[in-house]
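Good morning, and thank you for coming.

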Amino acid sequence: MKRTNLFSMHDDLIFHNVTERRLSLDDVIERMLRFISQDPASPYQLMIGTDSQVHRGHTKFVTGIIIRRPGKGAWACYRQVVLPRELTSVKEKLTIETSLSQEIACYFEGDAVNRMEELLLPYVYQGASLEAFIDIDAGTEPIVNKTSLYVQEMVDRVEAMGRYAARVKPDSYAASAYANRHTKRPASLVM
């Protein structure tokens with residue numbers, strides 16, 4: 001049997017969700033466009049966020065992508081990246097989380113977001129819209145969140161991209177809820 005090593009920061013862009021495995025980025029974009037085309041007169045939120053969990057011998061990062069139709073459902077998937085060491089620096093973890101979210105956001109920057117907007121444009125006067133967010137898994141309260149020292153730096157990085165608004169806890173659902181859920185189990189080698 002051939003072993004595939006998951007311990008790579010340069011993992012292929014492979015995504016999963018509760019019903020599908022091994023989706024390519026093109027598959028993800030097509031699923032999102034299909035979701036939007038079911039109700040193009042609604043407002044939408046594109047959310048991208050990463051969370052991480054330190055496990056014995058590695059740190060697991062999960063980036064979630066969600067297209068949400070507020071009050072009317074969502075479609076989501078995630079990507080896993082595993083770093084083969086236990087990160088202890090809060091700043092390093094948060095920096096890598098933000099970088100991974102920005103990486104995925106860059107893939108959506110051009111054609112993907114333009115295609116979403118093209119589907120919505122004819123329905124703008126009926127309520128259609130698209131907001132894009134990068135959710136940062138950090139909080140602003142120093143007593144509660146060790147990450148609070150680095151929030152402004154990460155927000156500035158995201159906002160410098162132009163298209164995406166930065167959100168932090170408690171509003172950073174893609175990172176602090178969706179991606180977080182998929183970080184809990186240690187990564188394993190796929191046989």
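Both β1 and α2 provide at least two residues to the lining of the second largest pocket. Helices here are DSSP runs of H or I with at least four residues, and strands are runs of E with at least two, numbered from the N terminus. This is a predicted model, in which local features need pLDDT of at least 70 and side-chain atom pairs count only at pLDDT 80 or more, while totals for chains, interfaces and linings use all residues. Residues are numbered from 1 along each chain as its sequence is written, and side-chain values use heavy atoms, leaving out hydrogens and water.

Which element gives the largest share of that lining? It is α2, with four residues. Among the lining residues are D51, K93, E97 and K169.

Let me turn to the sheet. Five strands make up an open, mixed sheet, ordered β3-β2-β1-β4-β5; two strands pair if DSSP finds at least two bridges between them. Since β3 (74-83) and β5 (165-167) are at the edges, each has a single partner strand, so one side of each is left without a neighbour in the sheet.

Strand β2 (residues 58-68) runs antiparallel to β3, and ten bridges join them. For T59, the bridge partner in β3 is L83.

How values were computed
On a 1 Å grid over the protein atoms alone, a cavity is a set of points where a 1.4 Å probe fits but cannot get out, and a pocket is an open set with protein on both sides within 12 Å along at least five of seven lines; lining residues have an atom within 4 Å of a point.
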